[in-house]
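Dear colleague,

Please find below the structure I promised to hand over, together with its sequence. My findings follow directly after it.

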Amino acid sequence: MAGMKPRVFSAMQPTSDSLQLGNYLGALVEWVKLQDTHDAIYGVVDLHALTVSPKPEVLRERTRRTAAQFLAAGVDPSRSAVFVQSHVHEHAELAWLLSTFTGFGEAARMTQFKDKSGALGESGTNVGLFTYPVLMAADILLYDTNVVPVGEDQRQHLELSRDLAERLNTRLGEGAVVVPEPHIVKETAKIYDLQEPDKKMSKSFSSPKGLIEILDDPKKVAKNIKSAATDSDTVIAFDRENKAGISNLLTIYSALTGRAVEDIVAEYEGKMYGHLKVDLADVVVEYLTPVHDRAMDWIESPDALDEVLADGAAKVQSIARETLARLYDRVGLVAPRPRS
C-alpha cells in the first residue's frame with residue numbers, strides 16, 4: 001500500500017443485520033471522502049462482536065452484510081483496504097502484548113465498560129468486554145495509523161490508544177509505534193432515535209421503530225418516519241431542548257438534502273407535522289434506495305464479496321506483520337528461525 005499519504009484506520013462491529021442512518025452520515029460518508037486524501041484501511045471488527053456472544057451463523061451473516069454496506073456507500077476496494085479483523089491474526093497477538101502494558105485501573109476506568117457491565121451484571125460481563133479497548137488500540141496501532149475518525153463515544157478509547165503508543169515509545173524506544181491523532185468530523189449531523197429523540201440513534205440500543213436502517217424495506221423506512229415521536233404542539237421549529245422530535249426530523253432532512261434547517265422551517269411554516277413527515281419519508285427513501293440496492297447486490301454475491309475481503313486482508317497483512325515483528329523484537333521475544 002502507498003506510504004506517501006497519512007494512513008487512516010476505522011472500523012465497525014457487525015452487531016446488527018443493518019447499519020443505520022447515523023452510521024452512514026456519521027462515519028461512512030467521511031470514510032468515502034478520506035479515500036481521496038489518505039491511505040485508507042477500513043475493517044469489520046468481528047472479534048469485538050464476540051463480547052456479546054452472538055450465534056455463529058448470525059455473526060457470519062452480519063459480518064458480510066456490514067462489509068457489503070461499506071462498499072455500497074462508496075468505499076472503493078481499489079483505493080482502500082476493506083477486510084475482516086479475524087482474517088489478520090496479528091490483531092489478537094498485538095492485543096495480548098498491549099494488555100501487558102495496560103494498567104488494570106486504567107482499563108477499569110473506561111466509561112463504556114462501566115456502563116455495559118453495569119447493565120449486564122457480573123454474571124453477564126466477560127473479560128473480553130473488559131479488554132475491548134485494548135483490542136481496539138491494537139487495531140489502530142497495528143497499522144502505524146496516523147489518524148482515526150472518532151465520535152464522542154469512542155474518544156476515551158482513542159485516548160487509551162494514544163497513551164499506550166506513547167508508553168511503548170518511551171519503554172521500547174522512539175519509533176516503536178505511531179501515535180495516532182483523532183480526526184474530528186466537523187458539521188456531522190447527529191441523528192437521534194425516532195421514538196426517543198433525546199437518545200442517539202443506535203443499532204445497539206434503539207427499538208426497531210426508532211431506527212432508519214439501510215437494508216430495511218423502503219416501505220418500513222417510510223413507516224418509521226411517519227410514526228416518529230414529536231410533541232403536542234403544531235409549530236414546525238428547530239428547538240433541541242423543547243422540540244426534540246421535530247428537531248431530529250429537520251436535522252435528517254437537512255443532512256440528506258444539503259438545505260439549511262432555517263430554509264426547511266420557512267418552507268413548512270403554517271403546515272402540520274404530518275406534511276413534514278410525508279415529505280421527509282420520500283427524501284430518505286430516495287436517498288437510501290440506491291445504497292440499499294447496491295448492498296443487496298453484494299450480499300447476494302457472497303463469492304465476490306469474500307474475494308474483496310480476502311484482497312483487503314492481503315493488502316494489510318504485510319503492514320501488520322512488520323509492526324508486530326518490530327514490537328516482538330523490542331520486547332525481547334526470540335524470533336523464530338526459518339525452517340529449511
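In this predicted model, helix H4 (residues 90-99) packs with H7 at an angle of about 120°, and the axes of the two helices lie 8 Å apart. The crossing of H4 and H7 is right-handed. On the H4 side, the contact is made by His-91, Leu-94, Ala-95, Leu-98 and Ser-99; H7 contributes Val-134, Leu-135, Ala-137, Ala-138, Asp-139 and Leu-141.

Most residues other than glycine have a negative phi. Asp-144, although not a glycine, has a positive phi of about 45°. Asp-144 belongs to the loop that runs between helix H7 (127-141) and strand E4 (147-150). Is Asp-144 buried or exposed? With a relative accessible area of 18%, Asp-144 is buried, because the value falls under the 20% limit for that class.

The other position is Ser-53, where phi is positive at about 50° although the residue is not a glycine. Ser-53 is placed in the loop between helix H2 (46-49) and helix H3 (56-73). The relative accessibility of Ser-53 is 58%, so Ser-53 counts as exposed, the cut-off for that class being over 50%.

With kind regards

Methods. Residues are numbered from 1 along each chain as its sequence is written. This is a predicted model: local features need pLDDT of at least 70, side-chain atom pairs count only at pLDDT 80 or more; totals for chains, interfaces and linings use all residues. Side-chain values use heavy atoms; hydrogens and water are left out. Helices (H or I, at least four residues) and strands (E, at least two) are DSSP runs, numbered from the N terminus. Buried means under 20% relative accessible area, exposed over 50%, partly exposed in between (1.4 Å probe, protein chains only). Axes are lines fitted to C-alpha atoms, for helices over the stretch in contact, and angles run from 0 to 180 degrees between N-to-C directions. A crossing is left-handed if the near helix is turned anticlockwise from the far one by less than a right angle, and right-handed if clockwise. Contact means heavy atoms within 4.5 Å.
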